[in-house]
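Visitor: I'd like to learn how to read helix packing and salt bridges in a model like this one. Could you walk me through it?

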Amino acid sequence: MDSKEYINGYIERARKAQAEFEKMSQEQVDKAVQTIGRVVYENAQYLAEIAVEETGMGNVEDKFAKNRQKAGIVWNNLRGKKSRGILDTDETTGITRVAKPMGVVAAITPCTNPIVTPMSNSMFALKCGNAIIITPHHKSVKCSTKTVEMINEELAKLGMPENLIQILDEHSRENTKNLISSADVVVATGGPGMVNAAYSSGRPALGVGAGNVQCIIDEGYDYKEAVPKIVKGRSYDYGIICSAEQSVICPEKDFDAIMAEFEANGGYIVRDKDELEKVRGALFEDGKTNRHSVGQSCQKVAELAGISIPEDTKVIVAVADGTGATDSLGGEKMAPVISAYPYKDLDDAIRIAAENLERDGKGHSVSFHTDSEEHIAKIGESLCVSRFVINQCSANSAGGSYFNGLNPTNTLGCGSWGHNSISENLNYHHLMNVSRIARFMPDNHVPSDEELWG
């Protein structure tokens with residue numbers, strides 16, 4: 001079948017389903033959204049197992065935790081929020097806001113998060129009365145498809161329109177291209193090629209940028225508090241989470257003590273020049289990520305590098321020769337390897353982070369461990385990222401958490417710095433059209449020339 005004809009079939013089915021769905025009440029819509037999250041929550045172990053089996057990335061334990069955590073926190077954030085019909089009226093401006101669906105959402109989803117990204121994008125889409133068509137990464141077609149099938153079985157029991165959530169059963173670049181140029185809005189979560197294609201589709205697009213989270217430990221902060229969180233984040237799902245810590249930037253006077261603390265928490269420190277070069281070679285080939293290292297354990301990375309590490313190593317800590325301006329270790333690493341840097345003062349720490357972000361990840365996230373509000377303000381004003389997570393494990397918090405106010409999501413916008421249209425976490429309101437009713441306000445004050453220009 002011709003690709004355009006094939007995709008038109010999906011679009012037609014989606015439009016028919018969406019036309020029925022948008023007539024449903026807020027209560028019915030929310031029940032459908034809750035059901036999507038509940039399916040992943042209740043089947044978290046099975047879905048984690050088939051994701052690891054198919055993609056060969058990450059580990060079942062962390063994917064199980066991720067499936068349950070994301071399902072719960074996304075639904076918790078969406079429940080009780082109005083997304084259909086009249087939203088509110090501002091008595092001061094006289095503006096009434098009315099929520100409307102965008103229509104058909106096309107979602108490009110990655111192999112690094114093949115379960116929770118289709119889940120959360122579907123929850124956001126349906127929350128606003130849309131239908132959604134998912135095109136999964138070719139390495140995760142089976143597990144993403146199974147997730148959608150399980151969700152659709154439960155939606156059918158609720159009497160929801162058929163084909164509200166669809167997933168392409170034939171994967172090709174041409175099919176993806178035709179899908180994103182035919183839908184009403186595109187959400188692209190994945191590599192730069194897919195994100196750039198989404199922005200070139202001729203449709204409104206919401207994409208993500210590369211991750212390369214810079215983690216700074218402030219001088220005087222209790223590094224024994226910070227290091228376990230950093231190890232947890234860098235080792236989480238074997239390093240494939242875009243919001244995971246990638247570099248640790250430490251006060252110079254405490255550097256050796258912090259490295260010792262990493263060792264006490266399962267870190268293997270690499271300082272030897274020959275070993276460093278071997279680790280680089282395991283992570284990168286010709287300046288690009290070595291696909292054989294992506295989402296692999298420390299032991300597998302060490303095997304690729306030809307070095308020996310303790311069996312219980314959780315993270316490899318590479319004391320880099322320089323920042324991302326000169327050393328590839330300053331860039332994004334898709335494995336449980338973190339680069340380490342000493343800094344002289346906070347300005348020096350900011351410089352190191354900025355140079356690493358210029359290589360990869362500008363616009364994404366920074367993790368900062370500190371007791372100083374003054375230093376938080378300085379970091380926040382100095383570095384060009386969309387989110388700063390303070391005294392938290394970034395891998396589990398930059399994408400939203402029960403313990404911070406960021407929108408729970410798996411799609412993290414990076415603003416113009418990362419060539420994205422949004423500089424925040426994707427949420428349901430990004431997939432909502434809003435009509436504004438403007439009333440005549442005859443009693444509004446009209447300023448005089450003196451008030452304006454005097």
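Visitor: At what angle do helix H2 and helix H5 pack, and how far apart are their axes?

Guide: Keep in mind that this is a predicted model. In general, two packed helices are described by the angle between their axes and the distance between the axes. Here H2 (residues 26–42) and H5 (residues 116–127) pack at about 175 degrees, with their axes 9 Å apart. The cut-off for roughly antiparallel is over 145 degrees, so H2 and H5 are roughly antiparallel to each other.

Visitor: Which residues make the contact?

Guide: From H2, they include Val29, Val33, Ile36 and Val40; H5 brings in Met119, Ser122, Met123, Leu126 and Lys127. Sorted by class, the contact has 8 nonpolar, 3 polar and 2 charged residues.

Visitor: On to salt bridges. How many does the structure hold?

Guide: There are 20. In one of them, the side chains of Asp321 and Arg280 meet at 2.9 Å, N to O. Asp321 sits in the loop between strands E13 and E14, and Arg280 in helix H11, so the pair ties together parts 41 residues apart in sequence.

Visitor: Is Arg280 buried or exposed?

Guide: Arg280 is buried, at 11% relative accessible area, while Asp321 is partly exposed, at 45%.

Visitor: What about Arg351 and Glu355: how far apart are their closest N and O atoms?

Guide: That salt bridge has them 3.4 Å apart. The two residues are 4 apart in helix H13, so about one helical turn separates them. Arg351 is partly exposed at 37%, and Glu355 is partly exposed too, at 28%.

Conventions: Residues numbered from 1 in each chain as written. Predicted model: local features only at pLDDT ≥ 70, side-chain atom pairs only at ≥ 80, totals over all residues. Heavy atoms only, no water. Axes fitted to C-alpha atoms, helices over the stretch in contact; angles between N-to-C directions. Parallel < 35°, antiparallel > 145°, perpendicular 65-115°, else oblique. Contact = heavy atoms within 4.5 Å. Nonpolar A, V, L, I, M, F, W, Y, C, P; charged D, E, K, R; others polar. Salt bridge = Lys/Arg side-chain N within 4 Å of Asp/Glu carboxyl O. Buried < 20%, exposed > 50% of the residue type's maximum accessible area, 1.4 Å probe, protein only.
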